[in-house]
Amino acid sequence: MKAVTVVESGVQIEDVDIPLPNDSEVLVKVHACGLNRADLIVADGGALGTAGGPGTIVGMEFSGEIIKCGEHVKNLSIGDRVMCSGASVWAEYATADYGRVIKIPDINMDFAKASTLPIALATMHNAIVTIGNFTKGQTIL
């Protein structure tokens, strides 16, 4: 498969192996990828956590169709249209832990729009619900 990979001189499209999902992951045929600050850091040769350096496939959020499910994946099926966060996703195929996969609503959302949401939605949920402890009836500005 083709993937946007970090090389000494920047990034280039290279041929790499299709990733294999583990028991808790899905394999997705990628239709669109998001772009965020972390991706630019990695593409520029920097590191984000353990990701970075030559050979790294860039990208953290994407959308597409599931083509394979690991043995322990729940509530997802081959053919589902999904948006995901993960690593090494600027490629023709990518894997994601099923807990980081959201089905794309059938109404008014294409792959391009869906690819921009996984990290923003997770950040919002963490800030408002997990950390903020907001409950029904409360408001936020």
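This is a predicted model: local features need pLDDT of at least 70, side-chain atom pairs count only at pLDDT 80 or more; totals for chains, interfaces and linings use all residues.
**Overall dimensions and packing**
- The C-alpha trace of the protein chain spans about 50 × 35 × 30 Å along its principal axes.
- Of the 141 residues in the chain, 34% are buried.
- Take the contacts with a separation of 6 or more: 64% of them come from residues 24 or more positions apart.

**Surface and charge**
- The protein chain has an accessible surface of about 8500 Å², and carbon and sulfur atoms account for 55% of that.
- There are 10 positive and 16 negative charges on the chain, and their mean positions lie 9 Å apart.

**Cysteines**
- A disulfide is a covalent bond between the sulfur atoms of two cysteines.
- You'll find zero disulfides in this structure.
- Cys69 is in no disulfide, and its nearest cysteine sulfur, the one of Cys84, sits 11 Å away. With a relative accessibility of 25%, Cys69 counts as partly exposed.
- Cys84 is in no disulfide either, and for this residue the nearest cysteine sulfur is that of Cys33, 11 Å away. Cys84 is buried, as its relative accessible area is 0%.

Key
Residues are numbered from 1 along each chain as its sequence is written. Side-chain values use heavy atoms; hydrogens and water are left out. Buried means under 20% relative accessible area, exposed over 50%, partly exposed in between (1.4 Å probe, protein chains only). Contact means heavy atoms within 4.5 Å. Accessible areas come from the Shrake-Rupley method with a 1.4 Å probe; for residues, only the protein chains shown count as cover. Lys and Arg count as positive and Asp and Glu as negative; His and the chain ends are not counted. The place of a charge is taken as NZ of Lys, CZ of Arg, CG of Asp or CD of Glu. A disulfide is a pair of cysteine sulfur atoms within 2.5 Å.
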